[in-house]
Amino acid sequence: MNLTTALRQRLRRDVVLDDMLPDELPAYVHSYVYLFGIATIASLVFVILSGIVLAAAGPTWWHVSSVGHFLNSVHFWSVQTFFFFLVLHLWTTFFQGAWRDGRGATWAVGMLCFLIGIGTAFTGYISQQNFDAQWIAEQGKDAMNAIGIGAFFNVLDFGQMYGFHIVILPVIVSALVGLHLLLVRRLGVVRPYPTQAEEVNP
Amino acid sequence: MSSRQSAYYRGITMAPYDLIKEGLIAIAVVGVLVFGLAGVLSSPDVPPLTVQHVATTAPLTFLQTALGELDGTDSINNYGPPYNRGTGSVQSLGPVSLQRLAGVHIPINTAQDMVLGPLRDVARMEPSVAAALQIFGHASTTQQGAWEAAYGTALARARVQGTAVQLPAGGYGPVAPMLTGLLTLGRSGLLEPAIDNSPRIYSTDNTRSILFLQATALPAAAASSHLVGSQWGMMNETGNYPGQAWLWLYTLGYQIPAYASSPNADALVMASIAVLSLLLILVPWIPGLNRLPRLLGVYRLIWRDYYRERAALAPVPPAPQPLVIPGGRP
């Protein structure tokens, strides 16, 4: 079997529309706890949309334009809400043991979204071209240099950090979020832990 | 729903759900939230600290920094990789130094890049600087060191009168006109491009000019804004805005005395974060850790309605029959 045929068959098996957009879900999903994930993605939508406008106008625009500054504020606060909801989502899924029943990859990909998201935000902070950017870059350089990364990932180089922030890392985060969603929908949300009686008589 | 999911949810009460509707509502609610926060609270944008600002408002700090770059006493001059082959800031984890293994990729010679190079630009327009540079360049290293030391002594007793820096007399030779020329360049706002751009026209790399400022002026400005490492450093933001709160664990590392006092503090903190991140990713496959949520029991609160419903649906055990003793009372 060649690679493309295997891929087609795999997609046909794993990407079932009824699983991707189901008409019904377990009743216990009707809970505020299950909204943190979608709120994280909604925040990401605003991070990306405001980021696109800021990138299109150039890195200095928001310093001299009131409209630009407002859009930067939208970008800033949507990053804050992104991490706020993401951390709530992370903790609640941890307490649910959401990796059970073959969902380990879903958890691992979600954690990668979190960690690379931190890197994306970090490069954003040092791409601001203001005092915060200067200071965070100056502080961050020693940590990067100490583990040998600084030679190739120079936090004092605005051009390199801006490229990482607006293209490389967002593409990776978006792809990982897409994969995370695909995995969540493919297997569905995890069942609650069995009760004592269910453990005795499964 | 696929047969796989149908089998998985057997025995679970299902309810109608519209993911698209949920997504649109989430976008609307979060949109109101972030636009509201942006409109009411705005966002921080403190202008960058410039060499021009330092040269104008704190000329003695500027000259002290410039002298440090020239005589090599600034920490960057002996920093080590990726800037040079120094050893002052080389860190290692046990016997391994990833920093040294990575090598020198951003070569920096503070005297040439931050002082002598920019001064050669000034020399084209300022004959006194050109003459001073020529004298300095033709002198022995020992003589240069003697002039620099004498200038440092004089600078410690210098006074600022208006915009002029008045140095007491001393044997500092050409170093005084050289650094006065650099101060003039700094005040004009042209020192940063001279440090960063040469020999390129287009530059988006501020490495050298930020390293120039990091000697004294930048840490002083950060300390006044409560942003230094002992104040939870880069996790904070200027003003009263939330910073990178998600870096709390990383910043916490620098508050641990054993780490903070180590010459390998950065390497230790980064290695610890790497290990913890790996543990977090691999939680599902780590025995014991993957059963922690079950032991903590917070899931009972999250799924309380489910368990309540489960308990209500559970078959009621038959009531115990009254014991009837023949001939006795019922």
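# Two chains in a predicted model

User: In this predicted model, into which domains is chain A divided?

Analyst: The model is predicted, not experimental. The division of chain A gives domain 1 (29-96) and domain 2 (104-187).

User: How many residues does each domain of chain A bring to the contact between them?

Analyst: The centres of domain 1 and domain 2 of chain A, taken over C-alpha atoms, are 15 Å apart. Where they touch, domain 1 of chain A brings 11 residues and domain 2 of chain A brings 9 residues.

User: Which helix of chain A gives the most to the side of domain 1 that touches domain 2?

Analyst: At least two residues of that side come from each of helix 3 (35-57) and helix 5 (66-95) of chain A. With 5 residues, the one that gives the most is helix 3 of chain A.

User: How many charged residues are on the side of domain 1 of chain A that touches domain 2 of chain A?

Analyst: That side of domain 1 of chain A has 8 nonpolar residues and 3 polar ones. The count of charged residues there is none.

User: How far apart are the end C-alpha atoms of helix 3 of chain A?

Analyst: Helix 3 of chain A has 23 residues, which at 1.5 Å a residue should span 33 Å. The distance in the model agrees with that expectation: 33 Å.

User: Which helix of chain B is included in what covers the buried residues of helix 3 of chain A?

Analyst: Buried residues of helix 3 of chain A include A:Ile38, A:Leu44, A:Phe46 and A:Leu54. Their cover includes, from chain A, helix 4 (61-64), helix 5 and helix 8 (158-187). From chain B, the cover includes helix 2.

User: Which helix of chain B supplies the largest share of the side that touches chain A?

Analyst: Between the chains, 83 residues of chain B are in contact with 80 residues of chain A. The largest share on the chain B side is 13 residues, and these come from helix 2 (residues 19-41) of chain B.

User: How many residues on the side of chain B that touches chain A are nonpolar, polar and charged?

Analyst: This side of chain B amounts to 83 residues in contact with chain A. By class, they divide into 53 nonpolar, 22 polar and 8 charged.

User: What is the bridge partner of A:Leu25 in strand 1 of chain B?

Analyst: Strand 1 (residues 24-26) of chain A pairs with strand 1 (residues 14-16) of chain B in the antiparallel sense, over 3 bridges. In that strand of chain B, the partner of A:Leu25 is B:Ala15.

User: Is chain B more spread out than a compact globule, or less?

Analyst: Chain B has 18 helices and 3 strands. For its 330 residues the globule rule gives 20 Å, while its radius of gyration is 33 Å, well over that value. Its C-alpha atoms fill a box of roughly 130 × 50 × 45 Å along the principal axes. Compared with a compact globule, chain B is therefore more spread out.

User: How many of the 13 residues of helix 4 of chain B are buried?

Analyst: Helix 4 (residues 59-71) of chain B reaches 18 Å from its first C-alpha to its last, close to the 18 Å expected. Its buried residues include B:Phe62, B:Leu67 and B:Asp71. The helix is largely enclosed by the rest of the structure, because the buried count is 10 of the 13.

User: Is B:Thr56 buried or partly exposed?

Analyst: B:Thr56 lies in helix 3 (residues 51-57) of chain B. A residue needs 20 or more other C-beta atoms within 10 Å to be buried. B:Thr56 has 16, so B:Thr56 is partly exposed.

Terms used. Residues are numbered from 1 along each chain as its sequence is written. Chains are lettered from A and ligands numbered from 1 in the order in which they are written. This is a predicted model: local features need pLDDT of at least 70, side-chain atom pairs count only at pLDDT 80 or more; totals for chains, interfaces and linings use all residues. Helices (H or I, at least four residues) and strands (E, at least two) are DSSP runs, numbered from the N terminus. The radius of gyration is taken over C-alpha atoms; the globule rule is 2.2 Å times the number of residues to the power 0.38. Two residues are in contact if their C-beta atoms, placed from the backbone, lie within 7 Å. Ala, Val, Leu, Ile, Met, Phe, Trp, Tyr, Cys and Pro count as nonpolar, Asp, Glu, Lys and Arg as charged, and the others, Gly among them, as polar. Two strands pair if DSSP finds at least two bridges between them. Domain bounds come from an automatic or database domain assignment. The expected span of a helix is 1.5 Å times one less than its number of residues. A residue is buried if 20 or more other C-beta atoms lie within 10 Å of its own, exposed if 12 or fewer, and partly exposed in between; C-beta atoms are placed from the backbone.
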